[in-house]
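Notebook open, model loaded. I'm jotting down what I looked up, starting with the ligand.

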Amino acid sequence: MNLIASLTRTELGRGLWTFRTEFLWVGLFSLVANLLMLTPTLYMLQVFDRVMLSQSEVTLIAVTLVMVLFTVVMAVAEWVRSRLLVRAGVRFDEALNARVFDASFSAHLAQDGASATRAFSDLTNLRQFLTGNGVFAFFDLPWMPIYLAVLFLMHPLLGWAGIVFTLLLIMLAIGSHLMTARLHERASDSELQANSYLGGKLRHAEAVESMGMLPNLRRRWIGLVATQFHRREQSHEQQHRMQAVGKFMQYSQQSLILALGAWLAIRGEISLGAMIASNALMSNALRPISSLVGTWKQFVEARQAYSRLDKVISDYPDGGRYHSAEHVTGQIELRQLVALAPGSDTQILKGLNLEFRPGEVVGIVGPSGAGKSTLARCLIGVWPSTRGQMLLDGVDISKWDRDRLGPHIGYLPQDIELLEGTVAENICRFGEIDSDAVIEAAKRAGIHEMVQHLPQGYDTSLGQAGGLLSGGQRQRLALARALYGMPDLVVLDEPNANLDDVGEVALMKAIVELKQAGKTVFMVLHQRNLLALADRVLVLNNGTVAQFGVMDVTARPDALPQPRTA
Ligand SMILES: Nc1ncnc2c1ncn2[C@@H]1O[C@H](COP(=O)(O)OP(=O)(O)O)[C@@H](O)[C@H]1O
Ligand SMILES: [Mg+2]
């Protein structure tokens, strides 16, 4: 089957496919519930035609008891299928949450911001639809023909009326889909746009406020919000119009079928019981369709959520990262490494061929915009879009199991990102807090004293992005995090950018210690004062290697370092 094939083709599809047993059971209980939904109809027929004719109280009691029993079973069946779906929902979250978390993280890394932020609301949306009441409409739908068949049995005209009403409702459903889906999608898009615009600006509130950018930003934001409201309004208006038409059809149909029944009864073609029963039967037959019309919006949203989620999960697959090793030597080889700007073909690094020895300390210098930070990110394997190869210990960095490689890597980004949490949590990378190792790393980065003077020492909570600390303090805290556990490959991107003399001395000491411990260290530098610690120096210019070799210590002190070829 096409649907099954498409389900098992992608990872998300396969994830959903594991819920087939649950849905089979839901289908089974839907069958029971739907069959028993005929109870009131049959009961009415019995009461009107048999009980009233025979005037027998015993018959009345008997059919009433049977009716109550069936109705109870029906209610239980409905309850069980809801329970099944709620359970499936919990399992759905458990099965996919972690995967979506990873994928949205990777999406963020690849600067695919929209996918990253949308993934979770999409997951919620999909789960709510699949495990909510809306999905029952789909399970009840196959029973519609049976109700219609019973109508035909009562009288062909009743059957035909049922079919006409059903077709009208289906046309309404399709029409309302055609008219509202596009509007609704556009409204959600502009809502997301306005929200991410606001979020982005809030993060830089100080700069915005101090330099009087607020009125300009506000004007743009109000523009975005106005578009959003306008589209939302359009889509709501359309939806309400369709709902009004739906209501009219639903209520008029009920009465019209009664009128038809009454006419047939007057002509003696059906009994009075059948007249009443056909009315009940008709509303049964139309119920799934009208609830489908009601939940159509949810369905469309869930389908969009599914395809977006499917795309994120497929775009950022989990597999292929299987390599891990007890010891990492930090031997690195770049083969024709090209780094592309995310989402474009612009080359930032233009085919680097380089080899670095284990335990080597490499200085990376070059003018601003040369690609130093990009190279640093390539070295630790987080640059999203590369060609060629970057081998760590002979294995492509993309093949390494990141979770296991993490402890072997120390990275100090140029834009320091501290996470919300305590000082100790930030240093130990949010793992189990090993106090000794935390203090050791803090001492290496020269912040032990500083931390002790914080209000709660190592347990002091940093606000968002470490707001409590000064630039230099943040940098040294990030250095402590990079040094935590003495990792084998350490990449420092302008580690001394915000440091005072004391901080720089601590940094130098830390690099010497790493060197003595045989760790491989890369340091991107914008000043020459730390270059003396480097075994070799790489000069980058415009994404290519300008020079690479042992630094000539006899060079003029104010000149750019002039490495000799090694
Ligand atoms: N996310 C990005 N998208 C597009 N271009 C980028 C991105 N990051 C960096 N670049 C470009 O790549 C070049 C190198 O940047 P970078 O590696 O940060 O330089 P450096 O660290 O040497 O100053 C710059 O021209 C910059 O504009
Ligand atoms: Mg940089």
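This is a predicted model: local features need pLDDT of at least 70, side-chain atom pairs count only at pLDDT 80 or more; totals for chains, interfaces and linings use all residues.

The list I got is Gln 111, Ala 341, Pro 342, Ile 348, Gly 366, Ser 368, Gly 369, Ala 370, Gly 371, Lys 372, Ser 373 and Thr 374. Helix α13 (residues 372-379) gives the largest share of this shell, three residues. I sorted the shell into four nonpolar, seven polar and one charged. For that sorting, Ala, Val, Leu, Ile, Met, Phe, Trp, Tyr, Cys and Pro are nonpolar, Asp, Glu, Lys and Arg are charged, and the others, Gly among them, are polar.

Residues are numbered from 1 along each chain as its sequence is written, and chains are lettered from A and ligands numbered from 1 in the order written.

Next, the whole chain. I find 19 helices and 13 strands, which are DSSP runs numbered from the N terminus (H or I, at least four residues, for helices; E, at least two, for strands). The radius of gyration is 34 Å, well over the 24 Å of the globule rule for 566 residues, so the chain is more spread out than a compact globule. That radius is taken over C-alpha atoms, and the rule is 2.2 Å times the number of residues to the power 0.38. The C-alpha trace spans about 120 × 50 × 50 Å along its principal axes.

I then checked the domains, whose bounds come from an automatic or database assignment. Domain 1 is 2-315 and domain 2 is 332-565, with their C-alpha centres 53 Å apart.

What is the strand order in the open sheet of four strands? I read β2-β1-β4-β5, paired antiparallel; pairing needs at least two DSSP bridges between two strands. β2 (347-356) and β5 (395-396) are at the edges with a single partner strand each, so one side of each has no neighbour in the sheet. Six bridges join β1 (residues 332-340) to β4 (residues 386-392), and Leu 334 has Met 390 in β4 as its bridge partner.

Arg 429 has a positive value, near 60 degrees, and sits in the loop between α15 (423-427) and α16 (435-444). Most residues other than glycine have a negative phi.

Note on methods:
A residue is near a molecule or strand if its C-beta atom, placed from the backbone, lies within 6 Å of it.
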